[in-house]
Amino acid sequence: MADVSETVLPGVGVRHEFTTAEGERMGVLVHRNGRREVLVYGRDDPDACSTTVSLSADDARTMAELLGVSQVSEAVSAVQQQIEGLGIEWLEVEPGSSAVGTTIGAGMFRTRTGASIVAVMRGQTTIPAPGPELAFEDGDVVVAVGTTAGLAELRSLLRT
Amino acid sequence: MLPGAGVLAATSADTALALVEIGALTLVLSAMARAAAHLGITAIPLYLLGGLAAGEGGLVALDVSEDFIALTAEIGVLLLLLTLGLEYSGAELRDGMRTGLAVGALDAVLNFAPGFGLGLLLGWSGTASLLLGGVTWISSSGVITKVLSDLGRLGNRETPAVLNLLVIEDLAMAVYLPVVAALVIGGSAGETARTVAIAIAVVALILSVALRWGDHLSRLLGQGTDEALLLAVFGLTLLVAGLAQQLEVSAAIGAFLVGLALSGTVQARASGLITPLRDLFAATFFVFFSFQIDPSTLPAVLLPALGLTIVTALGKLVTGWVAAARLGVAVPGRLRAGAALIARGEFSIVIAALGVALTDGPELGALAAAYVLMTAVLGPLVAKHAHRLPVPARLVAAEPASVGR
């Protein structure tokens, strides 16, 4: 990967820039509000941008998709910001907890806590949108979405 | 009975008139904001012109709602400073302080001195001259960020130099504002020294608390709904500002420090929530400021204002040149940086407004208004055509041929 240099622009965001294999200088300016600007520096005046393209957060996702980069972590933080009062947490199923061996359906976790389990990470694999038949194992990491109180309750259920 | 029903029942002719006046004034402001957007300039000069037209000796006279408008204007200043504080994170400030002090000092010398000198030359008091120095010193971060964004220059390599300088200026304001506020209150030399010392101590205290405990405050405020956050930030700003004022530290700086203390996602949310409110109150502030200026004093200050504009535009060009050169930017970029910095705006008016009660206050106000009108209109224009500025051949010749990083 090319050397990417980062510059903080106070009050605006962060600028990342690098030189392409063909010697073109380009960069991405990430605004604080999530807007992106793609920057292409000029050949006559290397300090000025000859082209800038402004991308909304949505456009940036499309662009990244086209360029083949996964945007999972972005999407998660977007969900977190958009839905007020709702948080996302990574909770570990503690060894020896009563949750081990219990299926998601039988544990009635959503009914009891209001928090939804959106994924389970087991070792190197991730099980997205697990069904009610999935049983927890020692050391599973549960990705859950819910209110702060609901998530705290779910954490204690997975711990004891 | 509904709370407030007593007030509603007592709706008198006065209230009705006040509502009509405030409504009409706000509608006029809206037309101005639209015209400014159409012209591609900031609305501040138009607001100032509007205030001149409506004020003492102007075209129309508003009197019933003046008290209300005065308080609204006061809140406008606080929100201006709050949003300014919200712009920057503690880390950015610390960074700015570390890297930009030398350029910041040059900026202060080149742009504060002309205003201060002219004040003394006009025979004003030392305090009024200090205020005029402040008026010519501080570039308008609002205007400049907008101009850079409109011209597609945020990604340019000279832009960090410009933005870092704005950070330094804003930090300098955190010291300058309380000091001049103390001087304006006046008194004997001993009393003044004491007030200034208290002011600086309080600012240092709040600043360190804000930088250290800001995260906790942010977490505390960030848990509720947007509505709760808006009310909390607004309330906290007014409360801290009021307390700062009681300690004879400028209220504005209290608001600025509240903005600094907020960080992370709360900062972003609060900024989004407060901005519309700021636009409303700040517009009132600009109008109210020039509303108090007697238009007949304007012709006398036009020439000094023009002189100041030229001298301090050169001052900013040199400052921007040096700041950009330190980042290894070539000549065209240095010119762009300098030209971008010419615009003065909200801060200059905030500073001039501090001096309203001084003997030289009316002149200071008129001069500051004329000066801001000129620089706020001229600055963006020069920035747009920076590549056409003539550069002394000596400076270009001294340049290494290629400066790319």
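This is a predicted model: local features need pLDDT of at least 70, side-chain atom pairs count only at pLDDT 80 or more; totals for chains, interfaces and linings use all residues.
Which residue in β9(A) does A:V120 stand opposite? The residue is A:V142.

Strand β7 of chain A, residues 116–122, is joined to β9(A) by 5 bridges, and the two run antiparallel. Strand β9, residues 141–147, also pairs with strand β6, residues 86–92 of chain A. That pairing is again in the antiparallel sense, and it extends over 7 bridges. Within it, A:L86 has A:T147 of β9(A) as its bridge partner.

Now to chain A in general. Its secondary structure consists of 5 helices and 9 strands. If you read along the sequence, the pattern is β-β-β-β-β-α-α-β-α-α-β-β-β-α. The chain is divided into two domains: domain 1 covers residues 5–69, and domain 2 covers residues 85–159. The centres of these two domains of chain A, taken over C-alpha atoms, are separated by 38 Å. Of the 160 residues in chain A, 22% are buried. Among contacts in chain A with a separation of 6 or more, 43% are between residues 24 or more positions apart.

How many helices and how many strands does the secondary structure of chain B have? The count is 17 helices and 0 strands. In chain B, 52% of the 405 residues count as buried. Of the contacts in chain B with a separation of 6 or more, 79% are made by residues 24 or more positions apart.

Helix α16 of chain B runs over residues 361–384, which is 24 residues.

B:P295 lies in the loop between α12 and α13 of chain B. Is B:P295 buried or partly exposed? It has 15 C-beta neighbours inside 10 Å, whereas a buried residue would need 20 or more, so B:P295 counts as partly exposed. The C-alpha atom of B:P295 is separated by 9.9 Å from that of B:A54, although the two residues are 241 residues apart along the chain.

Finally, let us consider where the two chains meet. Here 26 residues of chain B are in contact with 21 residues of chain A. On the side of chain B that touches chain A, at least two residues each come from α5 (90–121), α8 (159–185), α12 (264–291) and α14 (331–340). The largest share, 5 residues, is supplied by α8(B). By type, the residues on this side of chain B divide into 9 nonpolar, 11 polar and 6 charged. Thank you for your attention.

Definitions and conventions:
Residues are numbered from 1 along each chain as its sequence is written. Chains are lettered from A and ligands numbered from 1 in the order in which they are written. Domain bounds come from an automatic or database domain assignment. Two residues are in contact if their C-beta atoms, placed from the backbone, lie within 7 Å. Helices (H or I, at least four residues) and strands (E, at least two) are DSSP runs, numbered from the N terminus. Ala, Val, Leu, Ile, Met, Phe, Trp, Tyr, Cys and Pro count as nonpolar, Asp, Glu, Lys and Arg as charged, and the others, Gly among them, as polar. A residue is buried if 20 or more other C-beta atoms lie within 10 Å of its own, exposed if 12 or fewer, and partly exposed in between; C-beta atoms are placed from the backbone. The expected span of a helix is 1.5 Å times one less than its number of residues. Two strands pair if DSSP finds at least two bridges between them.
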